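Let me put the structure up on the screen, and then we'll walk around it together.

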Amino acid sequence: MSGVVQLKVVDTMRRVRRLFRDQRTNLIKWMRGKPLTYWELSSKTFDSEDVVLAKRLMGEKEMWFDEQPVRDFEARFGKWTGSKYAFSFCGGRESLVAIIKALELCPGDEVILPGYTCVVVANAFRAHGIRVNYCDIELDTFGLDADAVREKIAAGRPRAILIHHLYGLVCRDYEKLIDIAKNSNLPIIEDCAQATGALYKGVRVGNLGDVAFYSSEQTKIFSTVKGGVAVTSDDIIGSRLRDVHKEAALPDGQWIERLLITALLNYYQLKHPRRYILGDIHDVMYGHRRIEPYSKEEFLGRCGKNYMRKMPGAVAVLGLNQLRNIDRYNALRRESALKWDVWCERNGYRKPVVIPESVPVYLRYPVMVEPEKKRDISWGYSQLGVSLGRWFVTNVHPASWPVTGCPNADRAVASCVNFPT
Ligand SMILES: *Cc1c(COP(=O)(O)O)cnc(C)c1O
């Protein structure tokens, strides 16, 4: 047997064993009258109609690279966010690379980043030789702290600032940060990966800064398994983004097929009413073809092999359908957040801050708890029946690089858990 075949057999055996183990656990739970499965972190907006779409797309390979759905998706997304230009890529992280190119950031430049972020955000800069200067956050909304940014600007020579809106909250110092950047003549990149659709003074986040990116990764506000959009209303950045997008490559058919399979897997494992059995069966059959959220390289601080690929037609078709339902889902998320507000009040925890005139989208509901309650989150399931999220578990999640001088970020790493919405 060749090594590859051997690996595949071992992997399938592992999945079959898991199926038996899960089903035994389910049987015990069922006999004790306990719920069988619970909501997970991913693809909550992926419904049976999206499944029908994904299955149809599997059989229509000839349209996987059609440009029309991509243009429609970008037009509709731009209109919905209120941005003049929108260009879609195969991920938020890949959109960020496009933005770095459009802003003409160069090796040796320095950029200010929150000291509480995803490794793929840092990688996008590091891979282009750009120095990352981590800056502290505030603990009201987990965004960049304006005073800390002022100090960084005074002490160094940054070329750009990346701000973010985490967990679907509009960051506390939004306007202050924009003013600081304007006064210092620095462009602001808005990381809206977790806040697609959140509003500030009636305008979607992503529109106060110079350029922004969104994500339709499987754990985000809306899902195409992998996907991202870069937007701007600035004509110069918009035209550069257009050039970058034009030159970008497309993913190959095999990747698109795996993406469609992952979409189906997510549905059968996380959302189908009989997911407790169908999920395991689909995992045995197709689990080895799932697209994982991070590659090994990305963990190690490098970009993936073919970063900055543009979104193909097949993925845009899924995205278009997701956009039809996004407002309804965001309203549902806000409704479930009310439940966690009550929980916080009853249990003496601080609610996340919703800044005046903002409408959050609550991708998750973040709460600062005792560090031991973050280290072991099983209480979420045993006491509340939900699976708690732990992001971020490190300053540059999930890589374990040291980040210094960000005490609030360190506190969030130690104590911030997030509830599902
Ligand atoms: C998920 C995420 C990204 C990256 O988006 P992808 O689509 O997964 O590449 C960037 N920033 C934040 C804050 C995120 O949560």
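So, look at Leu199: its bridge partner in strand S11 is Val359. Leu199 belongs to the pairing between S7, residues 199-200, and S11, where two bridges join strands that run antiparallel. Before I go on, keep in mind that this is a predicted model.

Have a look at strand S5, residues 160-164. How many of its five residues are buried? Five of the five, so to speak: the strand is mostly covered. Ala160, Leu162 and His164 point one way, Ile161 and Ile163 point the other way, and all are buried. What does S5 pair with? There's S2, residues 110-114, which runs parallel to S5 and is joined to it by two bridges. Val111 has Ala160 of S5 as its bridge partner. Then there's S6, residues 188-191, paired with S5 in the parallel sense over four bridges. There, Ile163 stands opposite Glu190. To get from S5 to S6, the chain goes through helix H7, residues 174-184, and that β-α-β crossover is right-handed.

Okay, the ligand, which I guess is what you came for. There are 15 residues around the ligand, and the closest are Gly92, Arg93, Asp191, Ser215 and Lys220. By class, that shell has six nonpolar, five polar and four charged residues. Which side chains put an N or O atom 2.6 Å from the ligand? Asp191 is one of them, with its side-chain atom 2.6 Å from a ligand nitrogen. Ser215 is another, with its side-chain atom 2.6 Å from a ligand oxygen. Gln194 also comes in, with a side-chain N or O atom 2.8 Å from an oxygen of the ligand. On its own the ligand has 380 Å² of accessible area, and the protein covers 96% of that. The elements giving two or more residues to the shell are helix H4 (92-102), helix H5 (119-126) and strand S9 (211-215).

Two more stops and I'm done. Over in strand S4, residues 131-135, you'll find Asn133. Asn133 has a relative accessibility of 18%, and the cut-off for buried is under 20%, so Asn133 counts as buried. Its side chain makes a polar contact of 3.0 Å with the side chain of Lys152.

And last, Lys84, which sits in the loop between helix H3 (68-81) and strand S1 (85-89). Lys84 is exposed, because its relative accessible area is 54% and exposed means over 50%. How far apart in space are Lys84 and Val231? They're 147 residues apart in sequence, but C-alpha to C-alpha it's 7.5 Å.

Key:
Residues numbered from 1 in each chain as written. Predicted model: local features only at pLDDT ≥ 70, side-chain atom pairs only at ≥ 80, totals over all residues. Heavy atoms only, no water. Near = heavy atom within 4 Å. Polar contact = N/O pair within 3.5 Å; in protein donor to acceptor, adjacent residues only side chain to side chain. Areas by Shrake-Rupley, 256 points an atom, 1.4 Å probe, with all protein chains shown as cover. Nonpolar A, V, L, I, M, F, W, Y, C, P; charged D, E, K, R; others polar. Buried < 20%, exposed > 50% of the residue type's maximum accessible area, 1.4 Å probe, protein only. Pairing = 2+ DSSP bridges. Right-handed = clockwise from strand over helix to strand, strands pointing away.
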